[in-house]
Amino acid sequence: MTSPLVFTSKTIEQQCFVDYFISKYSKKLGYVYSKNLLDSNCKYCIFICPGLTGFAIPFIEWFFDLHSSNTALGCLDYRGFGLSGYTNEVNSIYYGININTMATDMYNLITLLNLQQKKIFILAHSFGVFVAYNLLNNYKINNLLGFIQIEQS
């Protein structure tokens, strides 16, 4: 799938997949991950919770130096950003963008990508710190190795 966003580095773009999944409430949720995530020899994943800019591609690029043959990266576009859809229907369970919804979306991506098979570090930036706290408080992630917080609001 081609992203409406553009990688600034062709080298990084060639090492990543951009895709989306359909949420329980029929909303498209875009995400980016390094290709080595699917490699059984890759033991670790740094799962990035972006700041309120909400776009996955810039965060993958900013932290791509953490990527290695043994460590994959993954990041979700928040609802309404990048490839992710958004609704403002009053009767919708996802009315507005809220931390609980974002944390649920993150957990669903962790499950979809089968990250239970890898050791996970969560790296959260700014507003993403609140999303990550909510994720960790509401969902059991047994394979969590660490939590890195950058510029908490």
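1. How many of the 7 residues of strand E2 (residues 28–34) are buried? In strand E2, 6 of the 7 residues are buried, and the strand is mostly covered. Buried means under 20% relative accessible area, exposed over 50%, and partly exposed in between, with a 1.4 Å probe and protein chains only.

2. This is a predicted model, in which local features need pLDDT of at least 70, side-chain atom pairs count only at pLDDT 80 or more, and totals for chains, interfaces and linings use all residues. Residues are numbered from 1 along each chain as its sequence is written, and side-chain values use heavy atoms, with hydrogens and water left out.

3. The protein chain contains 4 helices and 6 strands. Their order from the N terminus is α-β-β-β-α-β-α-β-α-β. Helices (H or I, at least four residues) and strands (E, at least two) are DSSP runs, numbered from the N terminus. Of the 153 residues in the chain, 48% count as buried.

4. The 6 strands form an open sheet with mixed pairing, in the order E1-E2-E4-E3-E5-E6. Strands E1 and E6 (144–150) stand at the edges with a single partner strand each, so one side of each is left without a neighbour in the sheet. On average, neighbouring strands of this sheet are turned by 20° against each other, direction ignored. Two strands pair if DSSP finds at least two bridges between them.

5. Strand E2 runs antiparallel to E1 (residues 16–22), to which 7 bridges join it; Tyr-20 has Gly-30 in E2 as its bridge partner. E2 also pairs with E4 in the antiparallel sense, over 3 bridges, and there Tyr-31 is partnered by Leu-76 in E4. By contrast, E3 (residues 44–49) and E4 run parallel and are joined by 5 bridges. Within E4, Leu-73 stands opposite Ile-46.

6. Helix H3 lies across E1, E2, E3, E4 and strand E5 (119–125), and runs at about 155° to E3. Helix H4 (residues 127–138) packs on the sheet and touches E3, E5 and E6, its direction making about 140° with that of E5. A contact means heavy atoms within 4.5 Å. Axes are lines fitted to C-alpha atoms, for helices over the stretch in contact, and angles run from 0 to 180 degrees between N-to-C directions.

7. Arg-79 is placed in the loop between strand E4 (71–76) and helix H3 (99–112). Arg-79 counts as buried because its relative accessibility is 5%.
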